[in-house]
Amino acid sequence: MTHSVIIQVGQCGNQVGCRFWDLALREHAHVNKNGVYDEALSSFFRNVDPRRSDGGGGAPGSRITALKARAVLIDMEEGVLSQVLSGPLQQLFSSTQLISNSYGSGNNWAVGHHTYGSVYHEQIVDQIRRAAEHCDCLQCFFLIHSMGGGTGSGLGTFVLRLLEDEFPDVCRIVTAVYPSAEDDVITSPYNSVLAMRELTEHAHCVLPVENQSLMDIVSKIQLMSHSSKSVSVVKKDCTIISGKGGVSKSEKPFDAMNNIVANLLLSITSSSRFEGSLNVDLSEITMNLVPFPRLHYLVSSLTPLYTLADVNVPTRRLDQMFSDAFSKEHQLMTSDPRRAMYLACALMLRGNVHMSDLRRNIQRLRPTLKFVPWNQEGWKTGVCSVPPVGHAHSLLALANNTCVRASFSDLRDRFTRLYRKKAHLHHYVCVDGMEVSGFTEALHSLSDLIEQYDTLATPSHTLPLNAPRLSIAT
Amino acid sequence: MSVVTVQLGQCGNQIGPEVLSTVYEDSTGAHARTYKECSYERFFREDAEGALVARAVLIDMEPKVIAQTIAKASGSGKWRYGEKSHFCQKQGSGNNWANGYYVHGPQHKDVVEDLVRREVERCDRLAGIFAMMSVAGGTGSGVGTYVTQCLRDTYPHSFILNHLTWPYGTGEVIVQNYNSVLTLSRLYTLSDALVVHENDTVHKICSQLMNIKHISVSDLNKVIAHQLGSMLQPAYTTDSPAHYSRNPIGEMLSSLVCHPEYKLLSMLNIPHMAQTSLEYSAYTWPGLLKHLRQMLIANARMEEGIDWKVCVPSNRAEGGRNPHVGFNRSLSNLLILRGKEVSSADGGAFKESGLYVPWLPADGTFHTWHSPVPFSGYEKLATLISNNQSLLNPLDNIVQKAWNMFASRAYIHQYTKFGISEDDFLESFTMLEQILSSYTHL
């Protein structure tokens, strides 16, 4: 079994991360009833024997003594991390896994990236190395941070570079939470664009998630489960947004939204944690979904989101799940993949789903979707036998789709509006290591990316399709 | 003589045990007493307690499938795998042929060679090595190709037969066509013959002939195992008409692969049906063979939906460059008949010279094996292993799709980082175009 390490940076990163740990524990507790530290648990948790001073512990197969998360928690404020240390998840982390400061990054990417980057460089490398040394076979780093603030976007992308330098062969998957257009942080477009350049150049794969989409999904679910007339048909506790059954009892304001992102991470890692008839290794995700190195932004959608309890027969519900995965309402970004061009698409199923269900649905949906000419059959599929808690089955669709360009060019517009007036620029350039050229380069990088997606999206781009085959002299 | 099975990757390690189980169950059946010993010697050895141990080596880069396979075999209480005959790592090859071939393969060369050598040394006489893998993923295809190459170096004079599972046209692995092209081009020079099963074809057999509603991977594997079992179980052959043949792979290759340019073999079985309908079926040999012959010439993969209008071109000149509409020309065929009244079956219709290329002597193109033992509950069963044009289309599709992708250089960076170059790709494409051209001009 391979192991992965989660690195959560900044307020948002840590909140999402902690929801992941809570829900992951709930999921394992649901499957693993006898308290044995099994292979599945080992992928994200260590089993530590508190009586041993060296921090070593039980191997898979032994009883659970104390679980420690394979994680590094970084924040430059104390609030969230001290809540973690005093909260119900405190035993999952030892204080050495935490790196914090009390001053914050002031919503300034440059402060996070350059100032804190140089100060905490060694400490971060040490912590990550230690986490890596605890892994038998380290497969993947999951980095979670937001794009809009200072710590997550600045220091988070600094960590990304560190990972590339220190562990070049280990897969780097970033879950990046993008700010909504009405974000209360004025400089969030700067921070996001500066961070994006780093993501484009140094990540293997990025799962962008937009705050706006999360808010829409949560309010829709709440509306459905609270409106009186539909009470009878809607399951009250949609496990995707509810943390019920986890160790944290009181729900905090952003928990519902963060739970969705945590569920995304649970789904993407399910196949490397549990068994299935069609295993998907984490490295297969980038291998199949990233045809060109920079174009590695994967739009994700989770279904079922709005669990209706009584929608007829099971097959209909199953097929509905597939259809929903492609609908606008289920994307974790405001985007409509059906109207744009697919470069590749992965369907990761959990639960009791057959090969024939998969094939039938691909056949059914394929005509409604546009794929680039050289990848007309760009489907990657996986089936993991363990469904999420409270569901019979679930589906995570990951799409490398040109629809991301809409969000990205919105972001570019917001950036340009600020940058044209040179607003707040001085806060950045006064930071050691930050140059004005950093802004133009980041903008260039983003424009290049948008243009690359644009070229692929234009129908005239049939490129060298039907390029003459090699001919053989006979 | 014995066959050493080498199971590679997830697919190989799932089909392998199905084949061994099929062979075991068939050999222990009431009618099979006559070849039980011969079949056991072929695929199994006995441990100190007299229990059957498969002459097999299991190789995968991740542990889950191998663990399941081993547990399932020993759980059956009928046969098991050798205690030290498997090798696995923790991290798969990530659907990347280059990762399997250039990284994992060389890294574990010694261990794997050692495992196979130990199994080979346990055979009184080695009939050949049977390597099973898929061409779509990373481990079966990449590591599988590398291992085949090592085996070819170590056993230059032994027969190596590869069984390849070709992926569905769509839906499993996006880079499957690249992986297939790289695998096939290399294996073609290493292996003595490639027996191919296409998942799409097998899926159709499951849904239309076996009436399976929710088809799972294991259903597909069972059908493949059934077909392979009917090929590998003992039979009376041309060279050994009075005793069960002791050299199945060698005899098969000498009947079917007469030219190194042509080594793609496909299989046809008739009839195929759900286990529950077996006892209600009644077939006659002439009926079965008539269908089978038409399946062959009209390139139908199963007995349903055969185009009866296709016929053997009367004029030789019509063949070759202007193939007769829908006509599937053969290089050679091997017909294996098993079951009741097998001596009354007449395979004469397969001897017709119009079925074959003109440049082979008539006595070299068609062979029949037979056995009076009903195989796996089928009262009568005909298996045709054929070296013909039927894989031309699927192969052409694979090459076309991979070529389109290559023209945009999509996914190439994923491969080059493991040490393969664009020129290597081009070389593989050239090799496959050559094979396509050869088969087209039969």
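I took helices (H or I, at least four residues) and strands (E, at least two) as DSSP runs, numbered from the N terminus. The model is predicted, so local features need pLDDT of at least 70 and side-chain atom pairs count only at pLDDT 80 or more, while totals for chains, interfaces and linings use all residues. Residues are numbered from 1 along each chain as its sequence is written, chains are lettered from A and ligands numbered from 1 in the order in which they are written, and side-chain values use heavy atoms, with hydrogens and water left out.

**Entry 1**

I looked up B:Asn95 and placed it in the loop between strand 6 and helix 4 of chain B. Its phi is near 60°, a positive value in a residue other than glycine. B:Asn95 has a relative accessible area of 6% and is therefore buried (under 20% is buried, over 50% exposed, in between partly exposed; 1.4 Å probe, protein chains only).

I then noted two cis peptide bonds. One runs from A:Thr303 to A:Pro304, with omega near -10°, and A:Pro304 sits in the loop between strand 9 (299-303) and helix 10 (314-324) of chain A. Another joins B:Ile270 and B:Pro271, with omega about -10°; B:Pro271 lies in the loop between strand 10 and helix 11 (285-297) of chain B.

**Entry 2: the sheet of chain B**

I traced an open sheet of 10 strands in chain B, in the order 6-4-1-7-8-9-10-13-11-12, with mixed pairing. Strands count as paired if DSSP finds at least two bridges between them. Strand 6 (86-88) and strand 12 (366-371) are the edges, each pairing on one side only. The twist averages 20° from one strand to the next.

Strand 11 (residues 330-339) and strand 13 (residues 380-388) of chain B run antiparallel and are joined by nine bridges. Within this pair I found B:Gly339 opposite B:Lys380 of strand 13.

**Entry 3: helix 14 of chain B**

I checked the length of helix 14 (residues 422-440): its 19 residues at 1.5 Å each should span 27 Å, and its end C-alpha atoms are 27 Å apart, which agrees. The expected span is 1.5 Å times one less than the number of residues. Its buried residues include B:Phe425, B:Phe429, B:Leu432 and B:Leu436. The buried residues of helix 14 pack against several elements of chain B, among them helix 4 (97-107), helix 7 (176-190) and strand 13; contact means heavy atoms within 4.5 Å.

**Entry 4: between the chains**

I listed 50 residues of chain B in contact with 49 residues of chain A. The area buried between the two chains is about 4,200 Å², of which carbon and sulfur atoms give 52%. Buried area is the accessible area (1.4 Å probe) that two parts lose on being put together, summed over both. B:Lys64, B:Lys90 and B:Ile174 supply 16% of the area that chain B buries against chain A, more than any other three residues.

I found five salt bridges across this interface (a side-chain nitrogen of Lys or Arg within 4 Å of a carboxyl oxygen of Asp or Glu). A:Glu377 forms a salt bridge with B:Lys401, with the closest N and O atoms 3.0 Å apart.

Terms used. Axes are lines fitted to C-alpha atoms, for helices over the stretch in contact, and angles run from 0 to 180 degrees between N-to-C directions.
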